[in-house]
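This report covers selected helices and strands of one structure. Please have the sequence and the model open while reading.

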Amino acid sequence: QFLYFIGRWLPLLELPMSFTLSALKKTATKAPAKIASIAGATGPVYGSRLLEVDYKLKGGWQAPVLRDYGDLTLYPQISAFHYGLVVFDHVIVCRNAAKPEQLSFFRPDMFLERLGRSRDYLHFAKYDDKELMALLSEMMKEDEPSVPTADGERYLLRTNIIGNNNNLSAGPADEFKLYSFGALVNSTPASAKPLKLKADNTIRRSWRGGTGEISMGGNYANQIYHERQARQEGYDRHLWLVDDDAITTAGDSNFFAVFKRSNGQLDVVTPALDGTMMPGVVRDSVLHLLKSDSTVTTSEQRILAADICAAAKDGTLVEAFS
């Protein structure tokens, strides 16, 4: 067994440590479609390009391929299908307001940190973050026409890493596939009406010591039934609680509450990151912006459902949002 282990894994020490932009192969043949707006679209709208990189047990990271958006070819027995070995994250691509032809990524630092943490949790092979961003930048040079110009619409660049091993082994994958594609979404709220949340302390989306802060498929699959049930009961989404009825998230969004303190100061509070929830990009951005506003204070702390109810009753709860 020892010799088998050495023979199987020692060659990995000599494999490429990362894919690189210099090795990129471009095979796209279709011109990107110019999209001014997705208004009126009858279904999902995706970008025109797909970036694909494979990791092989014998050979390590392969040359990246930038091709036309389309189907993936996968074995039916891969661990992504059977054991949920899939992680993902996204970065928003924005147009420069003054120069719309120029594109930029919104908070790529958090995108890389979150994807890297999820990747490491499932023991997927590491890569150079700078090379990944260089590849995504090259992808967007080609797919620039697909980025909408309409207000309230955005280009969401999703990157997935999946276990792609050609066997049914229920363990760490030894082969992976990384791929990125663009999805066009409308971020304008359907209406300005307040959200109605359902809080049920008999079910859990995540728990301390679990995988709540990891962006993996199972963290979203396990809430679908309860979120749908909440909507059928007239709620907009679920207010997820943990062991002592502490609030974590509203649906899959980070939660904020605004309290009016005895001195008249407004205090914006959000649950502290304790491993039960994703460290949201919007969450972090809101906290950074508010910290520069002298009229409010911010804090990251445990918020109990009972605290919200009590503050609503005594009038010190100004609002809550997610």
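## Basis

The model is predicted, with local features needing pLDDT of at least 70 and side-chain atom pairs counting only at pLDDT 80 or more, while totals for chains, interfaces and linings use all residues. Residues are numbered from 1 along each chain as its sequence is written, and side-chain values use heavy atoms, with hydrogens and water left out.

Helices (H or I, at least four residues) and strands (E, at least two) are DSSP runs numbered from the N terminus.

## Helix 7

Helix 7 spans residues 305-314, and its residues Ala305, Ile308 and Ala311 are buried (under 20% relative accessible area; exposed is over 50% and partly exposed in between, with a 1.4 Å probe and protein chains only). These residues lie on the same side of helix 7 because they cover an arc of only 130° around the axis (the arc of the directions from the helix axis to the C-beta atoms). An α-helix has 3.6 residues a turn, so residues three or four places apart point the same way.

The buried residues of helix 7 pack against strand 10 (237-241), strand 11 (247-250), strand 13 (256-260) and strand 16 (317-321); contact means heavy atoms within 4.5 Å. On the face turned away from the buried side are the exposed residues Ala306, Cys309, Lys313 and Asp314. Gly315 follows helix 7 and has a positive phi, near 85°.

Four strands form an open sheet in the order 9-10-11-12, with mixed pairing (two strands pair if DSSP finds at least two bridges between them). Strand 9 (197-199) and strand 12 (253-254) each have a single partner strand, so one side of each is left without a neighbour in the sheet.

Strand 11 pairs with strand 12 in the antiparallel sense over 2 bridges, and Ala250 stands opposite Ser253 in strand 12. Helix 5 (residues 218-232) packs on the sheet and touches strand 9 and strand 10. The direction of helix 5 makes about 125° with that of strand 10 (axes are lines fitted to C-alpha atoms, for helices over the stretch in contact, and angles run from 0 to 180 degrees between N-to-C directions).

## Helices 3 and 4

Helix 3 (residues 108-121) packs with helix 4 (residues 129-143) at an angle of about 120°, their axes 11 Å apart. The contact involves Pro108, Phe111, Leu112, Leu115 and Arg119 of helix 3, and Asp129, Leu132, Met133 and Leu136 of helix 4.

## Strand 4 and its pairings

Strand 4 (residues 65-68) runs parallel to strand 1 (residues 25-26), joined by 2 bridges, and antiparallel to strand 2 (residues 45-56), joined by 4 bridges. Val65 in strand 4 stands opposite Lys25 and opposite Glu52.
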